[in-house]
Amino acid sequence: MATRTRMRRWAGRAAAVAALAGVGLAATATAAQAADEWYEVAGKSGTCRLAQSLIYGAYGDAEICWRGTEVWVRGYIEDTEPDGYRAVLQIRYHVDGDGDFHYRNYLSDTNSANGGTSASSWSKARYPTKDLHARACTYSGSTQIACDGTWR
């Protein structure tokens, strides 16, 4: 999908969306806000990129911005199939100085398991962060069904 179209989508949904609506998928992926590692902000700074992810049943993208180890993100997820599964946008990242990836469910489509969308406002990492990636996944209840095999 073209970046211009995506940006129009963002503008139309931003006012109505709460930041960081997360749903636990698996033991290794908890909601970003539950981890107290992200907080909502009015905007972003630095260099930015768009990470797009698509699998059967889910399309997601994350706009990721950084300046050194300051990192901002906002996401969009769409449940694209009436298959009974929901969609979630997962993120992973390193907190600087800690060698492990942190896996979080950043944004979930809580509207319906048969279509729907969800978008977020800007969030900023509370701690020095690097290597942020995103991907689209589908889930049923608390069980992960499938994820894009490539972190974007």
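This is a predicted model: local features need pLDDT of at least 70, side-chain atom pairs count only at pLDDT 80 or more; totals for chains, interfaces and linings use all residues.

Q: How many bridges join strand 4 to strand 5, and in what sense do they run?

A: Two strands pair if DSSP finds at least two bridges between them. Here ten bridges join strand 4 to strand 5 (residues 70–79), and the two run antiparallel. They form a hairpin with two residues between the strands. Gly68 sits in that turn with a positive phi of about 65°.

Q: What pairs with strand 4 in the antiparallel sense over nine bridges?

A: Strand 3 does. One of the pairs is Arg49 with Ile64 of strand 4. This hairpin also has two residues between its strands, and Gly57 takes a positive phi near 95°.

Q: Which residue other than glycine has a positive phi?

A: Asp131 has one, near 60°. Asp131 lies in strand 10. With a relative accessibility of 39%, Asp131 is partly exposed.

Q: How is burial read, and how many residues of strand 4 are buried?

A: Buried means under 20% relative accessible area, exposed means over 50%, and partly exposed is in between (1.4 Å probe, protein chains only). In a regular strand, side chains alternate between the two faces of the sheet. Strand 4 is mostly covered, with eight of its ten residues buried.

Q: Is Asp61 buried or exposed?

A: Asp61 is buried, at 0% relative accessibility. Asp61 belongs to strand 4.

Q: Which side chain does Asp61 contact?

A: A polar contact is a pair of N or O atoms within 3.5 Å; within protein, one must be able to donate a hydrogen and the other to accept it, and residues adjacent in sequence count only if both atoms are side-chain atoms. The side chain of Asp61 makes such a contact with that of Tyr59, at 3.1 Å.

Q: How many disulfides does the structure hold?

A: A disulfide is a covalent bond between the sulfur atoms of two cysteines. The cut-off used is a pair of cysteine sulfur atoms within 2.5 Å. The structure holds two. Counting bonded cysteines along the chain, the pattern is 1-2, 3-4.

Q: What does Cys48 bond to, and where do the two partners lie?

A: Cys48 bonds to Cys65, with the sulfur atoms 2.0 Å apart. Cys48 is partly exposed at 31% relative accessible area, whereas Cys65 is buried at 0%.

Q: Which cysteine is joined to Cys137?

A: Cys147 is joined to Cys137, S to S 2.1 Å. Cys137 is in strand 10 (residues 129–140) and Cys147 in strand 11 (residues 143–147), ten residues apart. With 110° about the S-S bond, the link of Cys137 and Cys147 is right-handed. Cys137 and Cys147 are both buried.

How values were computed
Residues are numbered from 1 along each chain as its sequence is written. Side-chain values use heavy atoms; hydrogens and water are left out. Helices (H or I, at least four residues) and strands (E, at least two) are DSSP runs, numbered from the N terminus.
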